[in-house]
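Please look through the model below with a view to how its two chains meet and how one of them is built.

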Amino acid sequence: MKFGNYMILEFPSKSSNEAFARSAVACFAAQLDPTLEELGDIRTAVSEAVTNCIVHAYPEQLGIITLRCRILKDNVLDIVVKDKGVGISDVEQARRPAYTTGGTDRSGMGFTIMESFMTDLDISSKPGKGTTVHMRRKLQRRQ
Amino acid sequence: MHFTSFLDDGCLTVALTGEIDHHCAKAYIQTIAAKIEAYTPEVCVLDFREVSFVDSSGIAVVINALRNMTQIEGKLLLTGISPQPMRVFRASGIDKLVEIKEAVS
């Protein structure tokens, strides 16, 4: 996979970058000829991961978000969203549906949606160091 | 963000537009709440026909509108939902809390 296609983006945790991030990943994923539904799922999952960085990782100040996409064999899109923010002390709790430390304008469904829209989801986090969300989505090959 | 609304015989229809994410969700929540408070409708219809994208922030928009309508003992309806927002609403179970009519395929 040394020369597999990939892209890396780095941007500050401004909420105006949510739309940019999901659109950029959708453009990159287009070369895999995804269906509209697959593309919608990918955009949604990226939007959730990036929003988490903006809302939770860097609550008081702007920080840097790194987004990496790779194309793996068998039509798999691999996405990593990384921050160096406050981290999550209890990942299991954070993954629970409707759990949120945000206010009433947050639904607590971010991780639930990432889980249901992606084939795999891994979250690693260290309080004070940051969080890495690693997602994969296998795309159907169209005949 | 720009959307129109109209009141007809106790029914408030709010036509949402564009992409609903965290960046704009708060404005949607506040604007819908202000309209419901101003008109105290019996029924509030959120029209998603012109909404091309929703993430979990959109769920919070619907839940807040539901809360506003429940407080005044009114009813909330969602209409014109295209496939991507529908998948998000289904994944979150919100389709079981709120009546949805005329989903767009």
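The crossing of α2(A) past α3(B) is right-handed, the term used if the near helix is turned clockwise from the far one by less than a right angle, with anticlockwise being left-handed. Glu37(A), Gly40(A) and Thr44(A) of α2(A) make this contact with Pro83(B), Gln84(B), Arg87(B) and Val88(B) of α3(B), two residues being in contact if their C-beta atoms, placed from the backbone, lie within 7 Å. These residues divide into 2 nonpolar, 3 polar and 2 charged; Ala, Val, Leu, Ile, Met, Phe, Trp, Tyr, Cys and Pro count as nonpolar, Asp, Glu, Lys and Arg as charged, and the others, Gly among them, as polar.

This is a predicted model, in which local features need pLDDT of at least 70 and side-chain atom pairs count only at pLDDT 80 or more, whereas totals for chains, interfaces and linings use all residues. Residues are numbered from 1 along each chain as its sequence is written, and chains are lettered from A and ligands numbered from 1 in the order in which they are written.

The contact between the chains as a whole takes 23 residues from chain A and 21 residues from chain B. On the side of chain A, α2(A) gives the largest share, 9 residues.

Chain B also holds an open sheet of 5 strands in the order β1-β2-β3-β4-β5, with mixed pairing; helices (H or I, at least four residues) and strands (E, at least two) are DSSP runs, numbered from the N terminus. Its edge strands, β1 and β5 (99-101) of chain B, each pair on one side only, and two strands pair if DSSP finds at least two bridges between them. β1(B) and β2(B) (residues 11-20) pair in the antiparallel sense over 5 bridges, and Thr4(B) stands opposite Ala15(B) in β2(B).

As for confidence, the average pLDDT of chain B (the predictor's confidence in each residue, from 0 to 100) is 93. The complex has an ipTM of 0.91 and a pTM of 0.93 from the predictor.
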